[in-house]
Amino acid sequence: MHIRRVPFDHPDATKLNDQVQAEYHVRYGDGGDATTMAASDFAPPNGTYLIAYDEYDAPVASGGWRAQDANDEGNLDGDAEIKRMYVVDGMRGRGLARRILAALEDDARTAGRTRMVLETGLKQPEAIALYTSSGYEPCGKFGYYRHYEASRCFAKGL
């Protein structure tokens with residue numbers, strides 16, 4: 001496996017984003033994550049987007065972070081928000097999400113961010129397990145889904 005930095009609107013990123021949105025729809029029945037995002041959100045130094053490729057150069061996992069500072073959605077100055085963490089079905093259980101997560105944390109730390117934050121939901125228990133086993137702790141709700149009962153937010157100091 002090798003991990004590459006790509007633009008959020010790269011064709012492989014778009015492909016994986018479509019897959020994760022379809023999975024969100026299956027789990028939540030709501031058409032996918034409605035959080036507003038733009039390719040520029042993930043452009044260095046204010047973010048990055050990573051894709052893991054297999055030995056055949058097929059995209060198999062993704063994740064990104066974008067800078068957030070204090071706002072009316074509950075973020076704090078120095079936040080780096082994780083978005084679109086995803087591993088394709090056939091590649092799950094191989095540590096890819098953990099590798100991407102560590103790379104995102106390192107990149108955000110290098111960019112001067114002080115806290116990594118994320119929002120997930122109760123219907124994604126494997127995501128919650130990944131984050132809590134990686135040192136993330138529950139935090140105050142933030143972002144688009146902050147008023148949803150099934151939403152769960154986590155943070156980790158960088």
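Predicted model: local features only at pLDDT ≥ 70, side-chain atom pairs only at ≥ 80, totals over all residues.
Helix 2 itself covers residues 96–110, which makes 15 residues. From the first C-alpha to the last, helix 2 reaches 21 Å, close to the 21 Å expected at 1.5 Å a residue.

The buried residues of helix 2 are Leu 96, Ala 97, Ile 100, Leu 101, Leu 104, Glu 105, Asp 107 and Ala 108. Viewed down the axis of helix 2, these buried residues fall within an arc of 165°, so they line one face of the helix. An α-helix has 3.6 residues a turn, so residues three or four places apart point the same way.

## The largest pocket

The largest pocket holds about 820 Å³ of space. Its lining consists of 35 residues, and those closest to the centre of the pocket are Tyr 24, Met 85, Thr 120, Gln 124 and Ala 127. Sorted by class, the lining of this pocket has 17 nonpolar, 7 polar and 11 charged residues.

Several elements contribute to the lining of the largest pocket. Helix 1 (11–28), strand 4 (79–87), helix 2, strand 5 (115–121) and helix 3 (125–133) supply at least two residues each. Strand 4 gives the largest share, with 6 residues.

## The cavity

Rolling a probe the size of a water molecule over the atoms shows where empty space is left. A search of the whole structure for cavities of 30 Å³ or more finds 1. The largest cavity has about 40 Å³ of space.

Thr 35, Glu 81, Lys 83, Glu 119, Phe 142, Gly 143, Tyr 144 and Tyr 145 line the largest cavity. By class, this lining has 3 nonpolar, 2 polar and 3 charged residues.

## Aromatic pairs

The structure has 6 aromatic pairs, counting rings whose centres lie within 6.5 Å. One of them joins Phe 42 and Tyr 49: the ring centres are 5.7 Å apart and the planes lie at 75°, so the pair is edge-to-face. Both Phe 42 and Tyr 49 are buried. Ring pairs also link Phe 8 with Phe 42 and Tyr 49 into a cluster.

Tyr 145 counts as buried because its relative accessibility is 10%, whereas Tyr 148, at 45% relative accessibility, counts as partly exposed.

Definitions and conventions
Residues numbered from 1 in each chain as written. Heavy atoms only, no water. 1 Å grid on protein atoms, 1.4 Å probe; cavity = no way out; pocket = protein on both sides within 12 Å on 5 of 7 lines; lining within 4 Å. Points joined across faces, edges and corners; volume = space filled by probe spheres on them. Nonpolar A, V, L, I, M, F, W, Y, C, P; charged D, E, K, R; others polar. Helix = DSSP H or I, 4+ residues; strand = E, 2+ residues; numbered from the N terminus. Expected span 1.5 Å × (residues − 1). Buried < 20%, exposed > 50% of the residue type's maximum accessible area, 1.4 Å probe, protein only. Arc of directions from axis to C-beta. Phe/Tyr/Trp six-rings, centres within 6.5 Å; stacked < 30°, edge-to-face > 60°.
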